[in-house]
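Hello,

I am passing on the structure we talked about, and below it you will find my notes on what turned up.

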Amino acid sequence: MDGWYVDDRCTNCDVARQYAPDLIDEADGKSRIRRLPSNAEEQQRFYAAVFACHTRSIRPESGQPDQTDDPFPMALDDSVLLCGHNSRRTAGANAYLLRRPSGDVMMVDTPRWSRELAERYAESGPVTDVLLTHRDHAAHGRRYADHYGARLWIHEGDLDAAPDADQVIKGLEPVEIGEGVTAHPLPGHTRGSVLYLADDRYCFSGDSFYWSRTTGDLEVAASVTWYSIEELAASLARTAGQVRFEWLLPGHGDRHRLAADEMSRRLRELTERTALLKPRPIDFTAVRW
């Protein structure tokens, strides 16, 4: 469209559509440019989609996009920034920067690795911790942690994906890992999946659950559960009453904000729905974005 196109490397990961759902939609299992931006706010969201795409599939026919249009890191609010630059090695997962009252920053999962990006993210504050939600997102954790002199965190259930982690979360009980930040083990998607809760406001859910624009609700990716859907149901039943948050910030699937009471209600309902699910074959095409 008007000099822009989506190439055939697109994996239908949904990331671009999360940033610009009114500009980019889905057709035949791929993203498609619906229209181009008509104002400055739309232009920022369009270029966020361009620079987040892990296959760099949204392209101008003239060549590479102008690097000065890269909006990342991009503020979600005062405490959370979106890293963008999603990585092929994490299947295009989203990553986040969590600012703490001390001025320090935690990175939750990781974008693609480059020294230039690492230095750009560090402008938000000293990065003290890299928090991995599960094995699928571990690819660049050690490089970012080493670059910052930060601690790398993972749960023991997925330790073989990051055997040189500095901090290992054990068992099923929640553990405080920093002021206002708690890790809640949530085995299911993988054996070592973890939720990170911050300030009773933010829930970094990895791939355990997400917001679906299709259903307008919280969902689990039942068709992409590597470990056990029954374990995920049990984990949600154990955890739903312990957590409170407004922002859901997943690795895959859309972000969403609701009042904490409403989010809690929907999480309880998700727990009930998940308890009815049965194991099924892995099928990426069945995810309801």
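**Around H140**

H140 sits in the loop between β9 and α4. Please keep in mind throughout that this is a predicted model. Is H140 buried or exposed? H140 is buried, because its relative accessible area is 6%, under the 20% cut-off. Setting aside neighbours within four places in sequence, H140 is in contact with S87, R89, T110, P111, R112 and W113. The C-alpha atom of H140 is also separated by 9.7 Å from that of A162, and the two residues are 22 apart along the chain.

**The sheet and the helix across it**

The next thing to look at is the sheet. Seven strands make up an open sheet with mixed pairing, in the order β5-β6-β7-β8-β9-β10-β11. Its edge strands are β5 (74–75) and β11 (167–169), each of which pairs on one side only.

Strands β7 (residues 96–99) and β8 (residues 105–108) run antiparallel and are joined by four bridges; L97 has M107 in β8 as its bridge partner. By contrast, β9 and β10 run parallel, with three bridges between them, and here V130 has L152 in β10 as its bridge partner.

How many residues of β10 are buried? Four of its five residues are, so this strand is mostly covered. Helix α4 (residues 141–148) lies across β8, β9 (127–131) and β10 (151–155), and runs at about 170 degrees to β9.

**Backbone details**

A few spots in the backbone deserve a look when you open the model:

- F72 and P73 are joined by a cis peptide bond, with omega about 0 degrees. P73 is found in the loop between β4 (58–60) and β5.
- D28, in the loop between β2 (24–27) and β3 (30–33), has a positive phi near 55 degrees although this residue is not glycine. D28 is exposed, with a relative accessible area of 81%.
- A91 also has a positive phi, near 60 degrees, and is likewise a residue other than glycine. A91 is in the loop between β6 (80–82) and β7 and is partly exposed, at a relative accessible area of 47%.

**Salt bridges**

Searching the whole structure gives 29 salt bridges.

E41 is partly exposed, with a relative accessible area of 44%, whereas R45 is buried at 17%.

The pair R201 and E246 forms a salt bridge too, the closest N and O atoms being 3.0 Å apart. R201 is partly exposed, with a relative accessible area of 24%.

R244 and D261 meet through their side chains in a salt bridge of 2.8 Å, N to O. Because R244 is in the loop between α5 and β18 while D261 is in helix α6, the pair ties together parts that are 17 residues apart in sequence. R244 counts as partly exposed at 39% relative accessibility, and D261 counts as exposed at 52%.

Finally, a network of salt bridges links D217, E219, E262, R265, R266, E269, R273 and R288.

**A nonpolar patch**

One more item concerns the surface. Which residues form a nonpolar patch there? They are W226, I282 and F284, which together have about 330 Å² of accessible area. Of these, I282 is in the segment after α6 (260–274); this residue is partly exposed, with a relative accessible area of 35%.

Happy browsing, and do write back with any questions.

Best wishes

How values were computed. Residues are numbered from 1 along each chain as its sequence is written. This is a predicted model: local features need pLDDT of at least 70, side-chain atom pairs count only at pLDDT 80 or more; totals for chains, interfaces and linings use all residues. Side-chain values use heavy atoms; hydrogens and water are left out. Two strands pair if DSSP finds at least two bridges between them. Helices (H or I, at least four residues) and strands (E, at least two) are DSSP runs, numbered from the N terminus. Contact means heavy atoms within 4.5 Å. Axes are lines fitted to C-alpha atoms, for helices over the stretch in contact, and angles run from 0 to 180 degrees between N-to-C directions. Patches are made of residues with over 30% relative accessible area and no salt bridge: like charges are joined within 9 Å, nonpolar side chains (Val, Leu, Ile, Met, Phe, Trp, Tyr) within 5 Å. Accessible areas come from the Shrake-Rupley method with a 1.4 Å probe; for residues, only the protein chains shown count as cover. A salt bridge is a side-chain nitrogen of Lys or Arg within 4 Å of a carboxyl oxygen of Asp or Glu. Buried means under 20% relative accessible area, exposed over 50%, partly exposed in between (1.4 Å probe, protein chains only).
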